[in-house]
Structures are given as C-alpha cells and as structure tokens.
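This report describes selected strands, helices, loops and ring contacts of one protein model. Please consult the sequence and the structure alongside the text.

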Amino acid sequence: MTETRWVYGFGGGGADGDASMKNLLGGKGANLAEMSSLGLPVPPGFTVSTEACTHYYANGRSWPAGLEDQVREGLARVEQATGKRFGDPANPLLVSVRSGARASMPGMMDTVLNLGLNDETVEGLAELSGDRRFAFDSYRRFIQMYSNVVLDLDHHLFEEVLDEAKAELDAQVDTDLTAADWERVVADYKAVVRRELGRDFPQDAQEQLWGAVGAVFASWMNDRAKFYRRMHDIPESWGTAVNVQSMVFGNMGATSATGVAFTRNPSTGEARLYGEFLINAQGEDVVAGIRTPQALTRQTREEMGETAPSMEEALPEVFAEFKAVVERLERHYRDMQDVEFTVENGRLFMLQTRSGKRTAKAALRTAVEMASEGLITEQEAVGRVDPASLDQLLHPTLDPDAERIVIAAGLPASPGAASGKVVFDADEAERLGGLGEAVILVRQETSPEDIHGMHAARGIITARGGMTSHAAVVARGMGRPCVSGAGELNIDGKSRTFTARGRTVHAGEVVTIDGSRGEVLLGAVATLEPELGGDFAQLMQWADKVRRLRVRANAETPLDASTARRFGAEGIGLCRTEHMFFDEARIAAVREMILADDEAGRRAALAKIAPFQKGDFLELFRIMEGLPVTVRLLDPPLHEFLPHTEAELQAVADASGLDAAKLTRRARELHETNPMLGWRGCRLGVAFPEIYEMQVRAIMEAACELAKAGRPAIVEIMHPLVAKKEEMTFLRELTDRTAKIVIDEQGVEAPYLVGTMIELPRAALRADELAQSAEFFSFGTNDLTQTTFGISRDDSGAFLPYYLEKGIFERDPFVSLDQEGVGDLIRIATERGRATRPDLKLGICGEHGGDPASIAFCERVGLDYVSCSPYRVPIARLAAAQAALNADAREGR
C-alpha cells in the first residue's frame, strides 16, 4: 500500500507541485511551487498539504502517519539547498511557518518567523552574519511571535517590555536599539514567558517546529478565521496548508529590505506598480503599522509628498530586477498580482504571489483594461469581477459641493464614503451595528481580532499603518471606506476620545470618512448617487452578450422602477401591491375594507382605493415602456394593516362613518395567532372576490389606456400563496371575467398573462395541475424557504447564528437558496409545470434573486428570469452571465 503523501517541496529551480494544485497545497504553496518552476528566486521550503489539516481535525488533532518522517525529509532537502542545518549552533537553518488556505484569508491565520533560534543558534547567526544586533533583533521577534501564536501569550506583554526599554533608552524607533539593548530585551522577553507559564521558552528546534505547525492548523478554527469564512462563504472542510520555508532577512542593514506590492493599484485598478517597503525590516513591520513604510517608486513618493527615498531610488538595481519579475508574474498568471518580497544584502527573494484583492472599481478597470490589452478575453473579463462586489459601486459618494470640515487626514486606503458615530473598540462596533446604528471604528491600528467590528462598521480609521496594512487590505475586501495612517490622531482609549487639529471628538459623535481622499470630516456630509459608465458599462455590455437569464426588479414605486431601469432591469418581476397602501392617504381606506363585515362595506372602501391603484399601475407601465410587469395581487398579512391604537381605530371610524366600538370588535375577531400562515394571499381573494376584482380592473384599465395611446404594456397578473388547483381555477376565471369586462368597455385589446407564485411545498409538488390555469410561475423563495423549513424568517435571527456556527447551515437559507431542499421543490415544479405547459414562463422573485449562488442555480434549472431589488440588478446581470459561462464550460461549449 502506497504511503499517503503529505509534504511537497519547492525551491532551487524546481518543485513537486504547481499553480493548479491549489486545493491540495493552498494558494500560497501552489504559487511558491509555480514561481520555483519558473526559475524565480524563491527561498527553498516545503508545504504540508491541506489533506494533513483535514486529517488533523478528523482524528482528534493528531498527526497523520508518515507526516513526521516526510517533514524530516523535507527539512533535509532544504538543508541541502541552503548549506545550513536546522538546530545547528554554528550554521543554523532558520525557517518561517505560514498558513496557506486555497482561498486567500489575509491576516486571519497565524505565522511564525525566525523559527529555529535559541540561546545557542542566535550566537551562530551573529557569527555568520557578522551582525550581532541583527541576530538578537531576529531572536526577540521570534520569541514574541512564537509566544503569542503557539504559547498563547498576549503580545501586549512583550510590547510593554519593549516600550519600557525604548523609553529608558530615549529611543524613538526600534532601529535605534543596539545589539546589547536587544540582548537585554531578549532576556526580559524570556522572563515574561517564565513568569506567565512557569516554564522556560522552548530551546529545542524540533519542538518549536511542531508547535508552530500545530498552531497554524489550530488557527484554521480560530474565531477570526471562522468569521472570515462565513463572510466569504469559504467551507470549513477545505482546511489550510502549512508552508515551511527557509528564512531570508530584510533586517540585515541598509542593503536589506522587505515589502508588499501589487502589479496594479488595488483601489483604482491603474496599471502601475503599487506598494510599500521598509529598509532593514522584516515582513510584519510593513503590515503591522509599527513603522511608516516607504513608497516603491519615485513617482509615488513625489505624489505623496514623502521625503524618505523610494525603493527605486534607494536600491535601484534590485528594484529593476523586482519590476521585471512582477511584470512577468502578471503576464504568467494573467491577473493582477499581490506579492511579498525580501531583499537580503542586495539579493532579491520572492516570498509569495497571489491574485490581489481589489475594490470593485479596481476589479472593473483591471478586467476591462486587461481584455483591451489582449491579456484576457472579454468572457474572461466577465468572470474576473465578483458580482457581489459591485455593491461597492452602487451606493452614494460624498457630494463635492458639500461643506467639508476636515479634522484629520491619512492615507486613502479604501475608497468610498461613510458617516457614523465614533466607536473605539470592535465589540462596541458590533453591538451598536447590531442595533442598526451607523458606526465608524477608530483604532490605533487594527488587528485580525477586530474583524467582527470592522464588518459591523460603516468605515474604519486608523492612526497607524500604510496602504497595505491589515486595516487597508481587509477594508478593501469588505468594501468599507478606510483612512489609515492618520498620524495626527491622538487616540485616548480611556477617555474614549481622539484629538486632531485642536478638536476633540468623543465616542458617539458623528464623523464622515472620505476613503478616496484619505480624509476624516466632522459631522455627516451630504452624498451623491453613483454614476455608472465607462468600465462598468463596458463590462455590463459584455455580460449581457453572454447571459441567458433575464433580469427584472422587485419594484412598486416610481422611484424603484426608475432606479431599476437605470441599472438595466428588463422588467418588473414583482410589484407588491400591498406596499402601495402604506401611504397615509390610503391606509385608512384599506383598513376600512379589511374591517368591513359585509360586501357592501368592502366595495365602498374599494371604490376609494381603485383610483389610486389605476394611477399606480399607469405610472409603472409608462416607466417600464413595454417591458413585462408582474403585478402580485394583494397579499397582506392582516396584522400589518389592522389598526393597533385607539387613534388609528378612530381614524377608520371617522373615514367610514362606522361605529368605533364595532370596528374594535371586528379587529379583535380578525386577530391571528400565526398571521404568516393565516388570512393572506389568495385566501383573501377567494373569500372576498371583490378585492381582486378591483385590482384586476385597475390593472386592465391602465393597460387599455396605454394601448389606446399606442404604448402597450406587457401585463402579468400574479396570484399569491396558491396551494390547490381549485384555487387557481377559481382565480383564473375571476381574472379573465374581470379583464374581459374592462376590454369590452374600453374597446381595445390589452393582452395579459395570468400566473401564480410558488410559495408552498404543495404548490411545487402539484405544479402540473396549477399549470393548467397558470401561464407563468414565479418562485417566491422567501416564503417557500419559510414553509419548507418551518422557520419564521422574522424570528430566525435568534437561533440561526447557532446553526451557522455549528456548521448545520453553511449559509443563512434566507440569504442564499437551500439548493438541496428548496431547490428540489423548484426543480420538481419546473419539470411538472412544463410537462403540462411547455411554454410556461418561470422566474424567481424572492431575495435570492440577487444572490449570485442562487442565480447560478436558476441557470442550471432552466428558469427564464430572476427578479431582485433595484440596486442588485447589476449584480444579478453579472452573476447570470457568469452562470451561463460556467454552464457552457461544463458542457464543453
């Protein structure tokens, strides 16, 4: 029996894997292997596969058989390639241990650098490098990082030691400390470990290695990683790989450096090298915000008004090599790359490359420009933009003419604008965000532990950190505006204030972020609607060429309908007529209708409502200009319309001339224990046909008026919550009878279709019978999900988080369609309905109509259209195009 392979080597001009093995090696490991095979300067190392992580969790956090031997062999190959030995006091090999899932999760899992250092090897490193200061600087970094990641000690314990040492030495920055200073800090760090744990810091290199590998695997299940996975729909079952790689040092002096770069600007998409570096530093210094990084290029330095030399100026030869390497990587991967690099004594090493996270604006520009450059095809460009990310482009930005009181400025780390109350910690941001408050999270710098607060906040401000700091990268990925490195902010956590430019802002006061300009403004600032053109229009044009699914909008107001048209909607898939009645001028008449205890009373109330209804439909039909409009007849959960106060009851009494006491009695009679399964939907039309007759008449009168004017409407009349064939037959006859009367009265033809919403499991199972009377089905997946699971959508927020946390649901079924259970009902209804009526039109109009994963399901099942909220129409158009391309790829077209 062949032993399972858990370890894959890379470096030295070759590798055991390549970029296609991302599922097994993780993104980082696969790309390190690929860069090695390309002959790029990659420090040698090896990857422990994601399968080892899966085994680790499936078997009580134990190592798989054979892993220890394979790691030993992998280390031996690295020793051979570097000429150094792991744990050797005279010639020590030091390694980094990093996570690497198949999907990029920046900052969510753990890393350990300089592993292999101890009291003996640090002396060997000092001797080999000829730089004692560098050796002990590396050792103190390792002790702090290992103690935090593996030994679970708070990093603040070590920062306090370092801050005290710097204060005592009057040192401003870490580079001011001498070798002797670092030796003292190392001793103090080890004392912290002994004091907190009652044992010494581990000196055995093998013990250090396995502790770090275990910690990286364990970090796959830390709170911030689990939160990030839920947010980005990354399955827990994927696991993470572990990359063990020989260390190269950017902290060896003036010809050493470390940095992070993007081949294009991740905020704007501009085709220009973007990033930061630090001389005499290690990688965490760049992203942690401890020192302010320097620009890569002279042009950027001059634009930012910085005085510290750029990499192009400080290390010109290495910069030229680096620029050539990253340009080659972009051409090779045919996508914008995010790279990490180190320069050790003038020699360049590539530590990572991956497709760079970017804003929606940058993704659009990059995709369109790469297609124009011939690097990718138009169809590939369509596939490069995450549909959900378009949400970032579809919301307001700051009005340039509004008054701007700038109270602080920093770096424009993530574009967009947001206003909210100032909060100073992530837990408070989450708490207030959960209450519906708009908040702005203000921090010295963010860390991965703040992820939940960043998600809850409308925007983020940090006093420290650069354009590639944790705050900047995570904010861009979330679509949150962010101002980072606002060094003029003086944050006082105890008093919960910040001070800048002579102003003090307290927690709870409102500020505004302009993430595109890197400014913090006092108060709430007016905003403007987005303008969609240029790259957006081009990508949408390419998307529309390839998609099969039509995209409609859920709309019942002129504003919603106009917005939907502007975003490219091809009709209205759901006009909820009950939403037209919440207006103050109408609700009294609707309440009068509901509370009436005889037909005459209802008809008197309906006569007041009918003119409003006809006017509503006329306006919608005009706006949609010959595009289909699906009008759902009244579906009111009665509790939403019944008067709840004495004043409301008196208003109905005054409007109707009825006795208030009688109305109170009638309201009590209509009270329902479970209104979502009560007297709503077509049950109202069956019990009181005059209600639906009024609505059908108003619809058809509006359609006939437009037909006479030569502007025919495409009308689809939809009956809600139908369960039985007999209901559908009754409602179809009511609709046709009323429509014929109007058409005969008006003397003009006005075509229409009659259909139903499929919202109940029984309706899906008996779809063949319903299709005898219904010419179209629209799947109301909000209610279909409720009735399939037996879960109240309004109350599920109390317990669904537990189900998500325990992995019972991977996603909230009200956000992304349950493709197995609810999906099966949709498949059954589609097959059975079309067996009866082959030309049956099929769509979906629940909230799922704007969810990309649900849209992909609709494509596979063969629906004709999806309908979603107006602001999600572009998302649905792009998702439908990607679903069509994926379907073509599956079928080999």
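Two strands are taken to pair if DSSP finds at least two bridges between them. Strands (E, at least two residues) and helices (H or I, at least four) are DSSP runs, numbered from the N terminus. The model is predicted: local features need pLDDT of at least 70 and side-chain atom pairs count only at pLDDT 80 or more, while totals for chains, interfaces and linings use all residues. Residues are numbered from 1 along each chain as its sequence is written, and side-chain values use heavy atoms, with hydrogens and water left out.

**Strand β28 and its partners**

Strand β28 covers residues 572–576 and is joined to strand β29 (residues 628–632) by three bridges, the two strands running parallel. Within this pairing, C575 has V631 of β29 as its bridge partner. Strand β27 (residues 550–554) also runs parallel to β28, and two bridges join them. Here N554 stands opposite L574 of β28. A residue is called buried under 20% relative accessible area, exposed over 50% and partly exposed in between (1.4 Å probe, protein chains only). Five of the five residues of β28 are buried, so the strand is largely enclosed by the rest of the structure.

Helix α7 comprises the 19 residues 179–197. The expected span of a helix is 1.5 Å times one less than its number of residues. For α7 this gives 27 Å, and the end C-alpha atoms are 27 Å apart, which agrees. The buried residues of α7 are A179, D181, W182, V185, V186, Y189, K190, V192 and V193. With contact meaning heavy atoms within 4.5 Å, the cover over these buried residues includes α5 (132–149) and α6 (155–169). G198 follows α7 and has a positive phi, near 75°.

**Loop residues**

The loop between α5 and α6 contains D152. D152 is not a glycine, yet its phi is positive, about 65°. With 66% relative accessibility, D152 counts as exposed. A positive phi, about 50°, is also found at N345, again not a glycine. N345 belongs to the loop between β12 (337–344) and β13 (347–355), and its relative accessibility of 45% makes it partly exposed. A further loop residue, A65, lies between α2 (50–58) and α3 (67–82). Its relative accessibility is 67%, so A65 counts as exposed.

**Aromatic pairs and charges over rings**

A pair of aromatic rings is described by the distance of the centres and the angle of the planes. Rings of Phe, Tyr and Trp (its six-membered ring) pair if their centres lie within 6.5 Å; planes under 30 degrees apart count as stacked, over 60 as edge-to-face and the rest as tilted. By this rule the count comes to 17 aromatic pairs. One of them joins F142 and Y146 in a tilted arrangement, with 5.4 Å centre to centre and 55° between the planes. Both residues belong to helix α5, four residues apart, which is about one turn of the helix. F142 is buried at 0% relative accessible area, and Y146 is buried at 2%. The rings of F322 and F341 have centres 4.3 Å apart and planes at 40°, so this pair is tilted. F322 lies in helix α13 (residues 316–333) and F341 in strand β12, so the pair ties together parts that are 19 residues apart in sequence. F322 is buried at 0% relative accessibility, and F341 is buried with a relative accessible area of 0%. Ring pairs also link Y56, Y57, W63, W210 and F217 into a cluster.

A charge is said to sit over a ring if NZ of Lys or CZ of Arg is within 6 Å of the ring centre and within 35 degrees of the ring normal. Two such cases are tabulated.

| Charged residue | Ring | Distance to ring centre |
|---|---|---|
| R229 | W220 | 4.1 Å |
| R602 | F688 | 3.6 Å |

**Residue F86**

F86 is part of strand β4 (residues 85–86). Its relative accessibility is 11%, so F86 counts as buried. Leaving out residues up to four places away in sequence, F86 touches L75, E79, L93, V95, L115, G116, A205, Q206 and L209. F86 and G843 are 757 residues apart along the chain, and their C-alpha atoms are separated by 63 Å.
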